Amino acid sequence: MLRQLEGSRAVALAVAACRPQVVCAYPITPQTHIVEGVGELVKSGELAGCEFINVESEFAAMSVAIGASAAGSRAYTATSSQGLLFMIEAVYNAGGLGLPVVMTLANRAIGAPINIWNDHSDAMAVRDAGWVMLFAESNQEATDLHIQAFRLAEDLSLPVMVNMDGFVLTHATERIDVPTQEQVDAFLPPFEPRQVLDPADPVTIGALVGPEAFTEVRFLAHAKQLQAIGRIGEVADEFARSFGRRSGGLVNSYRAEDAEVVVVALGSILGTIKDVADEMRERGTKVGVVGISSFRPFPLEALHEAIGDARRVVVIERAFSTGFGGVLSTDVALAIADARARISTVVAGLGGRAVPEATIAAVIEDAMADRLEALRFVDLDEGVVARELARMAGDRRSGPSAENVLRDLRTVASRSV
Amino acid sequence: MTATQKVKFYQVGSFAVGNRLLEADQRTVQADVSRNNTITSGHRACQGCGEALGARYVLDAAMRATAGKLVAVNATGCLEVFTTPYPESSWQLPWVHSLFGNAAAVATGVAAGLKAQGRGDIRVLAQAGDGGTVDIGFGCLSGMFERNDDVLFVCYDNQAYMNTGVQRSGATPSAARTATTEAVGPEPGNAFGQGKDMATLAMAHGIDYVATATVSDLHDLEAKVERAMEFHGARYLHVLVPCPLGWGSNSSDTIRVARLATESGLFPVYEAEHGSVTAASPIRHRVPVEDYLRLQRRFRHLFDSQGAVKRPDIVGRLQQMANRNIDRFGLLTNEVA
């Protein structure tokens, strides 16, 4: 049934329909509305048989989820940014133990400087934690991906993280088809793990594994991720059959078949990029778009196929690896290593900066004209940066970057100096 | 023990009553041939390990108290390492280890998960060393206490990070030598005026049951575990477990050192319910603190080669700490101050 809902509310309803048995909550913007929504559904009795636990930190949130999952319960939590970093030890632990916890990551920048708005720095920080990492383009997809996430997690014995852009999606109200309880029950069987903490059949979970067996355990974690490449597509297909619409999968291609330039991206920015592609195609430029729904496991083959023979590939990233460049781009480059495409990384939309259509269009035009550098930060205030770089060149004294910029402008702690 | 007992059945050198002289239902769980052996033989603990001994008594007592319906959650540390050298395991109960600092939260999750499945009859025991309790695990532990989750948390306190090579923790006593508080300089060993009184901190959370114990009185330790399992909600048991490696004591002296810790007053043994002390174990043969310190190489810098006190100032301060414990808990009068 179509309803006008905030994205977070729709996700809360979808999570509740998956009948989680333990949900742990710790507030962090912009994720809070999701766990608030689930908490209300538990408190009202609409979500029965669920323990809702207000924990004292994100580290505890993931730890509670680990305990609940090891005890055989379906566990869910949500976080963002600093919260994800605070729980990162437990994130890796859930991945290593192969516990099918599902978590929403409302993508947000990482400080310092502290910033509550959207980018993908948080997700990139846990790229190698052993989780399946799905990215939603829209709130409908975010809603649907959570239902697929529980299914995938429990089929594969892997934790699954559903990434949705903070504010852009979490706080956007739009028309969303929220699946009914009957639909979800038909799609998602009860959680039946192989090994649980049960006095009737005692198991030891989390033993100290030495050099003689560690590599094998780690290899199996990789093999499960490779299995997930097949399973993600199957679950998306099954979802489409059950719910009558497509969501998820490995990659989503848009007008890319005959494209001369393909733009690759993650998340909600894909909507803007598609609009730009439509406009540019009307003017005769063959632009295609490939959205990556599954960032981990990374769909090398599917991406290779989707990019096809395009001569130019532009990867628009809302994150980057300081001192290196693109994160996603590195993976994309590997997928098309045998092609002759020219690949560029465009860093855009950091810390919630808007990425207007004109910016994307300009980047694509530059790519078509072979004017796009290997790495470009778009919409950068060159004046500010140049002034600070010039100062640093003549002054070896250190200091926090944001505050140094202000001091150059003769402002310190809101005082003129 | 019956109150009317007149004859002293004490074993040589101790005040522990021999099991064989007690009624069958009063004997220790360990004396029962059908005990669970929850940590079964073959583990890799050092000779004379106080933690292995304490954990064995705690777990077997908890297993008996719950009729075997028990799950254990372990923090990273010696106990975790020496019991689970993959592919082997000493654990004869469902057991999970996640991280160093999250045992209390994982236990919360296990308890919540079981409750959600309608299996709330299965109880949860979390265990950690002093580092995993008072330092890195403190946040999760305090949260678990505050929510009053149905978990018994047991701290095996050997007063330093032994698994990593004897570094100072927030439970290391003043003046003790560790690898990060070396016995050098004018104030050798760990500083005075630091450290956490974890049992008191647990009491401040207002949880139903808090107790301290040592491996020198194993009957008392078992009784406290059994008492703890009578409550539902957060409970805390702090067990002093000498570490021959880290303390520099003889493996054969583990029980003796633990006993002297209590008989000197340095480690008060007591119980508290709902935030108030309800009972304290009296000191039956008071000893000066140097009797306790002298057996341990971590305090060797306080004595000369003949065993005479070399630093009366420091020993005096430690004696004052013991005296304060004795006054506070009424350890000589058995009256709680």
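1. In this predicted model, A:Ala240 is in contact with A:Arg245 and A:Arg246, once its neighbours within four places in sequence are left aside. A:Ala240 itself lies in helix 9 of chain A, which spans residues 211-243. As for A:Leu47, 193 residues separate it from A:Ala240 in sequence, and the C-alpha to C-alpha distance between the two is 25 Å.

2. On the division of chain A, the assignment gives domain 1 as 2-194 + 209-243, domain 2 as 251-377 and domain 3 as 383-416. Between the C-alpha centres of domain 2 and domain 3 of chain A the distance is 34 Å.

3. Turning to the interface, 37 residues of chain A are in contact with 38 residues of chain B. On the chain A side, two or more residues each come from strand 3 (51-54), helix 3 (58-70), helix 5 (88-97) and strand 9 (204-205), and helix 3 of chain A provides the largest share, with nine residues. By residue class, this side of chain A comprises 22 nonpolar, 11 polar and four charged residues.

4. The two chains also pair through strands: strand 9 of chain A runs in the parallel sense with strand 2 of chain B (residues 95-97), over two bridges. Within strand 2 of chain B, B:Trp95 is the residue that stands opposite A:Thr204.

Technical notes: Residues are numbered from 1 along each chain as its sequence is written. Chains are lettered from A and ligands numbered from 1 in the order in which they are written. This is a predicted model: local features need pLDDT of at least 70, side-chain atom pairs count only at pLDDT 80 or more; totals for chains, interfaces and linings use all residues. Helices (H or I, at least four residues) and strands (E, at least two) are DSSP runs, numbered from the N terminus. Two residues are in contact if their C-beta atoms, placed from the backbone, lie within 7 Å. Domain bounds come from an automatic or database domain assignment. Ala, Val, Leu, Ile, Met, Phe, Trp, Tyr, Cys and Pro count as nonpolar, Asp, Glu, Lys and Arg as charged, and the others, Gly among them, as polar. Two strands pair if DSSP finds at least two bridges between them.
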